[in-house]
Amino acid sequence: MKIWVDADACPVVIKEILYRAADRTGVLVTLVANKALRIPRSDHIAMLQVDYGFDVADNEIVKRLSPGDLVVTADIPLAAEVIGKGGLALDPRGELYTEENIGARLNIRDFMDTLRTGGVETGGPPALSQSDRNEFANHLNELLSKNA
């Protein structure tokens, strides 16, 4: 298993959880972003910088993904592609996307996008809470334990 991170919008606290997990387990964590990111020196943490552009990082993750790899992303269409290729997708808030829930998540995303396009103010997501961080860390540890 490798871990791929859709890193442009990934919260720092989630990256720090991933860094600790990489060093603890030896699983390779690769952050994919369209700008250079500072990462700790580690044999288990890498940074892949891609060109700027719509979905460039997402496309690179999907291209490099192997079945069983984990992708950390809040991007629901990317999560759907990952699941379609046999990968695992985990939201930074701790929600594990699955074949059973990804369709509903895509429908909600599309509905909200339609509202925003129509001028309705939908607001953004709430700030990342401590329970979100705990949920993420718990799911990550569970997935890493299954693949150890």
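Modeller: Let me begin with a definition: two strands pair if DSSP finds at least two bridges between them. Please also note that this is a predicted model.

Biologist: Which residue in strand 2 is the bridge partner of D6?
Modeller: The bridge partner of D6 in strand 2 is V32. In the same way, W4 has T30 of strand 2 as its bridge partner. Strand 1, residues 3-6, and strand 2, residues 29-33, pair in the parallel sense over four bridges.

Biologist: In what order do the strands of the sheet run?
Modeller: The sheet is open and has six strands in the order 3-2-1-4-5-6, with mixed pairing. Strand 3 (45-49) and strand 6 (96-97) each have a single partner strand, so one side of each is left without a neighbour in the sheet.

Biologist: Are the residues of strand 1 buried or exposed?
Modeller: They are buried on both faces: I3 and V5 lie on one side, W4 and D6 on the other. In a regular strand the side chains alternate between the two faces of the sheet.

Biologist: And how many residues of strand 2 are buried?
Modeller: Five of its five residues are buried. V29, L31 and A33 are on one side of strand 2, and T30 and V32 are on the other.

Biologist: What span does helix 5 reach from its first C-alpha to its last?
Modeller: Helix 5 has 17 residues and reaches 24 Å, close to the 24 Å expected at 1.5 Å a residue.

Biologist: Which of its residues are buried in helix 5?
Modeller: The buried residues of helix 5 are D132, F136, A137, H139, L140, L143 and L144. Seen down the helix axis, these buried residues fall within an arc of 165°, so they line one face of helix 5. On the other side of helix 5, S131, N138, S145 and K146 are exposed.

Biologist: What covers that buried face?
Modeller: The cover over the buried residues of helix 5 includes strand 1, helix 1 (12-25), strand 4, strand 5 and strand 6.

Biologist: What else is D132 in contact with?
Modeller: Leaving aside neighbours within four places in sequence, D132 is in contact with P92, R93, G94 and A127.

Biologist: Where is L128?
Modeller: L128 is in the loop between helix 4 (102-117) and helix 5. Apart from neighbours within four places in sequence, L128 is in contact with P11, V13, I14, P92, R93 and R133. L128 and V72 are 56 residues apart in sequence and, C-alpha to C-alpha, 15 Å apart in space.

Biologist: Changing topic, which residues are buried in helix 2?
Modeller: In helix 2, residues 56-64, the buried residues are A57, D58, E60, I61 and V62. Their cover includes strand 1, strand 2, strand 3, strand 4 and helix 3 (76-84).

Biologist: And D55, is that residue in a loop or a helix?
Modeller: D55 is in the loop between strand 3 and helix 2. The phi of D55 is near 65°, a positive value in a residue other than glycine. D55 is partly exposed, with a relative accessible area of 29%.

Methods: Residues are numbered from 1 along each chain as its sequence is written. This is a predicted model: local features need pLDDT of at least 70, side-chain atom pairs count only at pLDDT 80 or more; totals for chains, interfaces and linings use all residues. Side-chain values use heavy atoms; hydrogens and water are left out. Helices (H or I, at least four residues) and strands (E, at least two) are DSSP runs, numbered from the N terminus. Contact means heavy atoms within 4.5 Å. The expected span of a helix is 1.5 Å times one less than its number of residues. Buried means under 20% relative accessible area, exposed over 50%, partly exposed in between (1.4 Å probe, protein chains only). The arc is that of the directions from the helix axis to the C-beta atoms.
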